[in-house]
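Here is the note you asked for, written as numbered points that can be followed with the model open beside them.

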Amino acid sequence: TILRTFSPSQFENGGWNAGGTCTRTSPLAPEEIKDGGGLDWYYRRIQLAEIDSARKLGEKKGNAFDILDVTRAMLMTRRLVG
């Protein structure tokens, strides 16, 4: 089983239904991405912890779990606020 990590919204200054826009024409540089904060990283940390637990339990039952971490790549497509 493969889990894909959280893919953040691509809208800036609000959600798609709250006045947000998606006008970026170039991605963020890797050094512009902030690893420490925000809900995007919070959700990702939860997923990483849960997949670790699933791996440990799965090994006992012959099941395998892995992760496709897309959060960082998806953050590169929008500018973080804050």
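1. Of the 82 residues of the protein chain, 20% count as buried, where buried means under 20% relative accessible area, exposed means over 50%, and partly exposed lies in between (1.4 Å probe, protein chains only). This is a predicted model, in which local features need pLDDT of at least 70 and side-chain atom pairs count only at pLDDT 80 or more, while totals for chains, interfaces and linings use all residues. Residues are numbered from 1 along each chain as its sequence is written, and side-chain values use heavy atoms, with hydrogens and water left out.

2. The protein chain has two helices and two strands, and read from the N terminus these elements run β-α-β-α; helices (H or I, at least four residues) and strands (E, at least two) are DSSP runs, numbered from the N terminus. Among contacts in the protein chain between residues at least 6 apart in sequence, 73% join residues at least 24 apart, a contact being heavy atoms within 4.5 Å. The protein chain exposes about 5,800 Å², of which carbon and sulfur atoms supply 57%; accessible areas come from the Shrake-Rupley method with a 1.4 Å probe, and for residues only the protein chains shown count as cover.

3. Helix H1 has 24 residues and reaches 35 Å from its first C-alpha to its last, which is close to the 34 Å expected at 1.5 Å a residue; the expected span is 1.5 Å times one less than the number of residues in the helix. The buried residues of H1 are Asp40, Trp41, Arg44, Gln47, Ile51 and Gly58, and the buried residues of this helix pack against E1, E2 and H2. Just after H1, Gly62 takes a positive phi of about 80 degrees.

4. Which residues form the nonpolar patch on the surface? The patch consists of Leu39, Tyr42, Tyr43 and Ile46, which together have about 390 Å² of accessible area. Patches are made of residues with over 30% relative accessible area and no salt bridge, like charges being joined within 9 Å and nonpolar side chains (Val, Leu, Ile, Met, Phe, Trp, Tyr) within 5 Å.

5. The structure holds three salt bridges, a salt bridge being a side-chain nitrogen of Lys or Arg within 4 Å of a carboxyl oxygen of Asp or Glu. In one of them, the side chains of Asp69 and Arg44 meet at 2.6 Å, N to O. This pair links distant parts of the chain, with Asp69 in the loop between strand E2 (66–68) and helix H2 (71–75) and Arg44 in helix H1, 25 residues apart. Arg44 counts as buried because its relative accessible area is 18%, whereas Asp69 is partly exposed, with a relative accessible area of 35%. Not counting residues up to four places away in sequence, Arg44 touches Asp69 and Thr71.

6. Another salt bridge joins the side chains of Arg55 and Asp66 (3.0 Å, N to O). This pair, too, links distant parts of the chain, Arg55 being in helix H1 and Asp66 in strand E2, 11 residues apart. Arg55 counts as partly exposed at 27% relative accessibility, and Asp66 counts as partly exposed at 41%.

7. Lys56 forms a salt bridge with Asp52, the closest N and O atoms being 3.3 Å apart. Lys56 and Asp52 both lie in helix H1, four residues apart, or about one turn of the helix. Lys56 counts as exposed because its relative accessibility is 52%, while Asp52 is partly exposed, with a relative accessible area of 34%.

8. Is Gly20 buried or exposed? Gly20 is buried, because its relative accessible area is 17%, and its place is in the loop between strand E1 (2–4) and helix H1 (38–61). Leaving aside neighbours within four places in sequence, Gly20 is in contact with Phe11, Glu12, Asn13, Gly14 and Gly15. Gly20 and Gln10 are 10 residues apart in sequence, and their C-alpha atoms are 9.1 Å apart in space.
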